[in-house]
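Please keep the sequence and the structure in view while reading.

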Amino acid sequence: MIPISHLLSSIFILRIITIFFPTATFNFQTILLSMGFQILPDLDIFRAKKLNSHHVTYFHSPLFWIIIFTVLFVFNQFFSIVPIWLILLFIIQVLMHLFFDFMTGRAAGIPLLYPFIKKEFSILPLNKNHGNFKPFSLKDEIKFLKYYLKSKSQILFELTVWILGIISLLV
């Protein structure tokens, strides 16, 4: 999934959280926090040598996040540091990021059992060759985006996320 879609999805997810948790707020600060939670797994891009390998890290491992969430949840149960809706927002945003990458992965999937097994999984067929370039290479990023958007289902998924995110901002 492209970064702008992750960011827009985070706004939609925050809006949903505020429906189920009346104490949750939908304002500029929580939107930024929500976006930060959603983008958190992609911090591994800064250490990646190639775009197609940046998901094979702890940050894209569901097992890693389950441990983090469990520790955070138990710690918060004893010390009540933050409202439960904020922990749920964090958990949901990170898991949705992983789910979206699983749904839309074209050159990198999700290593479901990392660090034990490094095999990546995606709904779509993975073609690692299309992501065989250094991140932040604008020329290569544009070339990859052309490949990525050849899939009509990909375009439909991304547009749906954009529309839901924009509508969530406007209501």
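Phe-136 counts as exposed, because its relative accessibility is 57% (exposed means over 50% relative accessible area, buried under 20%, and partly exposed in between, with a 1.4 Å probe and protein chains only). The model is a predicted one, in which local features need pLDDT of at least 70 and side-chain atom pairs count only at pLDDT 80 or more, while totals for chains, interfaces and linings use all residues. Residues are numbered from 1 along each chain as its sequence is written, and side-chain values use heavy atoms, with hydrogens and water left out.

Phe-136 sits in the loop between H4 and H5 (helices, H or I with at least four residues, and strands, E with at least two, are DSSP runs numbered from the N terminus). Its phi is near 75°, which is positive although the residue is not glycine. Ser-80 also has a positive phi, of about 40°, without being a glycine. Ser-80 belongs to the loop between H3 and H4 and is exposed, at a relative accessible area of 57%.

The loop between H4 and H5 also holds Pro-115. The peptide bond that leads from Tyr-114 to Pro-115 is cis, with omega near 15°. Lys-118 lies in the loop between H4 and H5 as well, and its relative accessibility of 53% makes it exposed. Once residues up to four places away in sequence are set aside, Lys-118 touches Val-56 and Pro-111 (contact means heavy atoms within 4.5 Å).

Next come the aromatic residues. The whole structure contains 16 aromatic pairs (rings of Phe, Tyr and Trp, the last by its six-membered ring, pair if their centres lie within 6.5 Å; planes under 30 degrees apart count as stacked, over 60 as edge-to-face and the rest as tilted). Phe-59 and Phe-64 make an edge-to-face pair, because their ring centres are 6.0 Å apart and their planes meet at 65°. Phe-59 is partly exposed at 29% relative accessibility, and Phe-64 is partly exposed with a relative accessible area of 24%. The pair of Phe-133 and Phe-144 is tilted, with 6.2 Å from centre to centre and 55° between the planes. Phe-133 lies in the loop between H4 and H5 and Phe-144 in helix H5, so this pair ties together parts that are 11 residues apart in sequence. Both Phe-133 and Phe-144 are buried. One aromatic cluster is formed by Phe-37, Tyr-58, Phe-59, Phe-64, Trp-65, Phe-69, Phe-90 and Tyr-114.

In soluble globular proteins, nonpolar side chains tend to be buried together. Here the largest nonpolar core has 30 residues, of which Ile-17, Trp-65, Phe-69, Trp-85, Leu-89, Phe-90 and Phe-144 touch the most other members (such a core is a set of buried Ala, Val, Leu, Ile, Met, Phe, Trp, Tyr and Cys residues joined through side-chain atoms within 4.5 Å). Two or more residues of this core come from each of H1, helix H2 (28-39), helix H3 (62-79), H4 and H5. H4 supplies the largest share, nine residues. Apart from its neighbours within four places in sequence, Trp-85 is in contact with Ile-17, Phe-21, Thr-23, Ala-24, Thr-25 and Thr-30.

Ser-10 is placed in helix H1 and is buried, with a relative accessible area of 0%. Beyond the residues up to four places away in sequence, Ser-10 touches Ser-34, Met-35, Gln-38 and Gln-93.

The lining of the largest pocket consists of 25 residues, with Met-1, Pro-3, Leu-51, His-54 and Glu-141 nearest the centre. Helix H1 (3-20), helix H4 (84-104) and helix H5 (138-148) are the elements that give two or more residues to this lining. H5 gives the most, with four residues. By class, the lining has 15 nonpolar, six polar and four charged residues (Ala, Val, Leu, Ile, Met, Phe, Trp, Tyr, Cys and Pro count as nonpolar, Asp, Glu, Lys and Arg as charged, and the others, Gly among them, as polar).

Methods
On a 1 Å grid over the protein atoms alone, a cavity is a set of points where a 1.4 Å probe fits but cannot get out, and a pocket is an open set with protein on both sides within 12 Å along at least five of seven lines; lining residues have an atom within 4 Å of a point.
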